[in-house]
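Welcome, and thanks for opening the viewer. Let's take a short walk through the pockets, one selection at a time.

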Amino acid sequence: MTDATVSEPGHRLKPLTTAMLRELSVRSNLRGAAQSISHYGMIVLVGALIWMVTSRYGILWALPLVAAQGYLVAFLFMAVHETAHKTAFRSRGLNLAVGYLSAFIIGLPYEYYCLFHWDHHRYTQDPDKDPELIVGVKPRSDTQLAIAYSGLLQVAGRLRLMLGHAVTGKVVVPWIPETKRATIVAEARAYVALYALLLGLSLWFSSALLLWIWIVPLVIGQFFLRPYLYAEHTGCDRTRSAFQNTRTTYTGGVVKWIAWNMPYHVEHHAYPSIPFHALPKLNAIVDDEIVHRGRGYIQTTRETWGWFRRYRQSI
């Protein structure tokens, strides 16, 4: 993905110099490892606590931990996203290893997502070409809107598509080129086979371990992830400028850590070759160019919810 600071007429940008872009675009195995190990380390720690509490006192006492685990597991989406750009690490092999593992955990085939996300960057906010808008839920009532914000429909659609690829051997979505369709089918079949194997092992050992430290948290985590994802572009302009069609949300350090600095989303779309750890530095340079600025995710979710309601009423 190339860096693009495309602007609409009348919107003056302050682009980076070549030297600044080169400096900010340096990738680091150390920074990628620190982020990955800390994220996965928290998942392992909270998972162990869930199992200990459940074993001694029952699952009800572990529900707060299950919710925390959900936040951590669902936001492995950010690891998939960063490794899809191959910017999490300097090493391509490390990008692929963390990307494939994280994608498997959240049920989002990695190779499929890379192609999906490529077109998202190429056609951001284009209703006819941006895959996020094409597959996006279009709620017709407040009830449907609430369900959309739960993220459950999106996960169900993702799993249904993967299963369809695996069973039929056909790929018809426009963002997957003909030359990649066999790869997508093979990937889907590998995922389904591995999930079936884990299910079989859980039944064989009569163990609910994966259910409470992985599956249920992943479902719960969508209630945190989906509002975050809606904040990235909902209600922004339908232009070619990353500074106008994307939102940066200003939030606390914990959220930025778990989201791999992707709240700096304008910066990421404008310069996708710049790795996650350099986005705060980039923000300090281009902050005054950003048009859509979220002030925390609670307030921004209110704004995106309101935008969806106004959009529904206008059609």
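Before we start, a word on classes: Ala, Val, Leu, Ile, Met, Phe, Trp, Tyr, Cys and Pro count as nonpolar, Asp, Glu, Lys and Arg as charged, and the others, including Gly, as polar. Please also keep in mind that this is a predicted model.

**First stop: the largest pocket**

Select Glu 132, Leu 133, Val 135, Gly 136 and Val 137 and centre the view on them. Of the 41 residues that line the largest pocket, these lie nearest its centre. The space you are looking into has a volume of about 1,100 Å³.

Now colour the helices around it. Two or more lining residues come from each of helix 6 (110–122), helix 7 (131–134), helix 9 (152–168), helix 10 (181–204), helix 11 (209–233) and helix 16 (297–314). Which helix gives the most to this lining? It is helix 9, with eight residues.

**Second stop: the second largest pocket**

Move on to Leu 159, Tyr 195, Trp 214, Ile 215 and Leu 218, which lie nearest the centre of the second largest pocket, among its 22 lining residues. Helix 5 (92–106), helix 9, helix 10 and helix 11 each give two or more residues to this lining. Show helix 11 here, as it gives the most, with seven residues.

The volume of this pocket is about 490 Å³. How many charged residues does its lining have? None: the classes here are 18 nonpolar and four polar.

Conventions. Residues are numbered from 1 along each chain as its sequence is written. This is a predicted model: local features need pLDDT of at least 70, side-chain atom pairs count only at pLDDT 80 or more; totals for chains, interfaces and linings use all residues. Side-chain values use heavy atoms; hydrogens and water are left out. On a 1 Å grid over the protein atoms alone, a cavity is a set of points where a 1.4 Å probe fits but cannot get out, and a pocket is an open set with protein on both sides within 12 Å along at least five of seven lines; lining residues have an atom within 4 Å of a point. Grid points are joined across faces, edges and corners, and a volume is the space filled by probe spheres set on the points. Helices (H or I, at least four residues) and strands (E, at least two) are DSSP runs, numbered from the N terminus.
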